[in-house]
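Hi there,

Here is the structure I promised to pass on. Have a look at it first, and then read my notes below.

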Amino acid sequence: IHKSLKTSPPPLIGQVEALIQNEHLARYLIERCPEPHKVANDSDLRDYVMSLKNQHMKQSQPLSKIIYDSKLHVVHNALGLHSYVARNQGGKLKTKNELRVSAVFKKTPEAFLNMIVVHELAHLKEKEHNKAFYRLCNNMLVDYHQLELDMRLYLILLELGESLYG
């Protein structure tokens, strides 16, 4: 089965394999998420991210750049990217936080975009994928783990050459 599910319990892997074999994976995802989001471009994405940031993480560091990135390849497990750039400018150390979302997620359910943005925002406070990081993700998005699983199923669907919304 797909590498993103390799640590999943065998019964779950069996269920996913059955969905794939019976060609029901797309139907399962459409039932859970019938409509794609409407966050179409970098400007919309910036508004979307800033709304979530202001709702959940007002005190965190500012974001200097928020974009869809067509160079991020989900094959390398990069769904989004939070980068911390430090530059020496005029004798002062300037830092910038950037949030990039893979362009693959321009046509996904809003719940998946939400999960990815929450994940990347959590990196403003927690750099590592540890318990504190996932606790923060769950505080911002109650069904974070279910959405992460569904998003991984969506990536499997893409690898099978299918899509959700035509």
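L5 sits in the segment before α1 (10-21); helices here are DSSP runs of H or I with at least four residues, numbered from the N terminus. This is a predicted model, in which local features need pLDDT of at least 70 and side-chain atom pairs count only at pLDDT 80 or more, while totals for chains, interfaces and linings use all residues. Residues are numbered from 1 along each chain as its sequence is written, and side-chain values use heavy atoms, leaving out hydrogens and water.

Is L5 buried or exposed? Its relative accessibility is 1%, so L5 counts as buried (buried means under 20% relative accessible area, exposed over 50% and partly exposed in between, with a 1.4 Å probe and protein chains only). Leaving aside neighbours within four places in sequence, L5 is in contact with I13, V16, L149, R152, L153 and I156 (contact means heavy atoms within 4.5 Å). L5 and I156 are 151 residues apart along the chain, yet their C-alpha atoms are separated by 9.7 Å.

I156 also turns up where α2 (residues 25-32) meets α6. The axes of these two helices come within 10 Å and cross at roughly 140° (axes are lines fitted to C-alpha atoms over the stretch in contact, and angles run from 0 to 180 degrees between N-to-C directions). α2 and α6 are therefore oblique to each other (under 35 degrees is roughly parallel, over 145 roughly antiparallel, 65 to 115 roughly perpendicular, and the rest oblique). On the α2 side, the contact is made by L25, A26, Y28, L29 and R32; on the α6 side, the residues include L153 and I156.

Next, please look at α5 (residues 131-140), where F133, L136, C137 and M140 are buried. Seen down the axis of α5, these buried residues fall within an arc of 100°, so they line one face of the helix (the arc is that of the directions from the helix axis to the C-beta atoms). An α-helix has 3.6 residues a turn, so residues three or four places apart point the same way. The face turned away from the buried side carries the exposed residues K131, R135 and N139. What covers the buried residues of α5 includes α3 (42-56), α4 (110-122) and α6 (144-159).

α4 and α5 pack at about 135°, with their axes 9 Å apart, and that makes α4 oblique to α5. V118, H119 and A122 of α4 make this contact with F133, L136, C137 and M140 of α5.

Enjoy exploring!
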